[in-house]
Amino acid sequence: VSMSEGYSAAIAAEAHYVIGEIKLRQGKYEEAEASFKEAHRQGRPPVPGMALLWLAQGKVEAARSLIDRALSGNEVYLDRIRKLPAGVEIALAAGDVETARSRADELVTLAKRFGSGVFSAQADHAAGCVALAEGDFEAALQSLSAARKRWQAVNMPHEEARTRICMATAYWREGESDLAELEALAARKTFEALGAAADLEYANTLIEENS
């Protein structure tokens with residue numbers, strides 16, 4: 001295999017992975033799985049996408065096993081920082097707040113090292129979600145507000161909307177229902193515009209439960 005052929009194969013594999021991420025966001029789980037499997041077949045490890053897919057399907061332990069294994073090895077920091085946000089999300093879903101905190105702290109440290117707006121937003125979001133799980137709503141809102149501003153700065157509306165949903169949850173738990181509704185409705189509108197079916201369903205459920 002020539003260098004150019006290897007490069008082309010790597011691009012194709014990454015393309016399948018990205019398609020999987022898009023399908024996952026749209027709630028098209030079978031298509032997402034097929035894309036992640038094809039990426040894997042062509043040499044691109046399907047993490048964190050496959051782990052997040054399993055999480056979305058309710059297979060929490062399978063998702064946890066996959067992301068834990070992916071994060072257990074010695075790897076370059078850039079690969080690790082790309083997996084840590086999913087590692088935090090899945091640990092929280094599994095009720096393991098201690099692991100989620102450890103990973104969020106590591107993500108914050110790595111984000112400072114790289115100086116990337118996206119990584120910093122991910123770190124703030126993760127820290128906020130963990131603080132929310134710990135019951136520290138003020139700390140959660142502080143981190144999540146910072147994350148929301150960073151997502152706006154890098155023009156990533158889907159991620160911004162997911163942060164708004166976490167902010168809404170924190171506000172509801174603090175008894176600030178008006179502020180919570182503002183964030184939740186803004187998030188829902190974004191999910192509708194983007195066709196993010198699973199996130200839209202979750203937002204609707206959250207609004208119904210708290211209204």
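Val 76 lies in the loop that connects α4 (60-70) to α5 (77-93). In this predicted model, Val 76 has a relative accessibility of 52% and therefore counts as exposed, the cut-off being over 50%. Together with Tyr 77, Leu 78 and Phe 114, Val 76 makes up a nonpolar surface patch of about 350 Å² accessible area.

- In soluble globular proteins, nonpolar side chains tend to be buried together.
- The largest nonpolar core here holds 24 residues, and Leu 144, Ile 165, Trp 172 and Phe 191 have the most contacts inside it.
- Two or more residues of this core come from each of α7 (117-134), α8 (137-153), α9 (157-173), α10 (177-194) and α11 (197-210).
- The most is given by α9, with 8 residues.
- Leaving aside residues up to four places away in sequence, Ile 165 touches Ala 184, Ala 187, Phe 191, Tyr 202, Ala 203 and Leu 206.

**Overall fold and dimensions**
- The protein chain contains 11 helices and 0 strands.
- For 211 residues, a compact globule would have a radius of gyration near 17 Å, and the value for the protein chain, 17 Å, agrees.
- The C-alpha trace spans about 60 × 35 × 35 Å along its principal axes.

**Burial, contacts and surface**
- Buried residues account for 40% of the 211 in the protein chain.
- Of the contacts between residues at least 6 apart in sequence, 51% join residues at least 24 apart.

Notes. Residues are numbered from 1 along each chain as its sequence is written. This is a predicted model: local features need pLDDT of at least 70, side-chain atom pairs count only at pLDDT 80 or more; totals for chains, interfaces and linings use all residues. Side-chain values use heavy atoms; hydrogens and water are left out. Patches are made of residues with over 30% relative accessible area and no salt bridge: like charges are joined within 9 Å, nonpolar side chains (Val, Leu, Ile, Met, Phe, Trp, Tyr) within 5 Å. Accessible areas come from the Shrake-Rupley method with a 1.4 Å probe; for residues, only the protein chains shown count as cover. A salt bridge is a side-chain nitrogen of Lys or Arg within 4 Å of a carboxyl oxygen of Asp or Glu. Helices (H or I, at least four residues) and strands (E, at least two) are DSSP runs, numbered from the N terminus. Buried means under 20% relative accessible area, exposed over 50%, partly exposed in between (1.4 Å probe, protein chains only). A nonpolar core is a set of buried Ala, Val, Leu, Ile, Met, Phe, Trp, Tyr and Cys residues joined through side-chain atoms within 4.5 Å. Contact means heavy atoms within 4.5 Å. The radius of gyration is taken over C-alpha atoms; the globule rule is 2.2 Å times the number of residues to the power 0.38.
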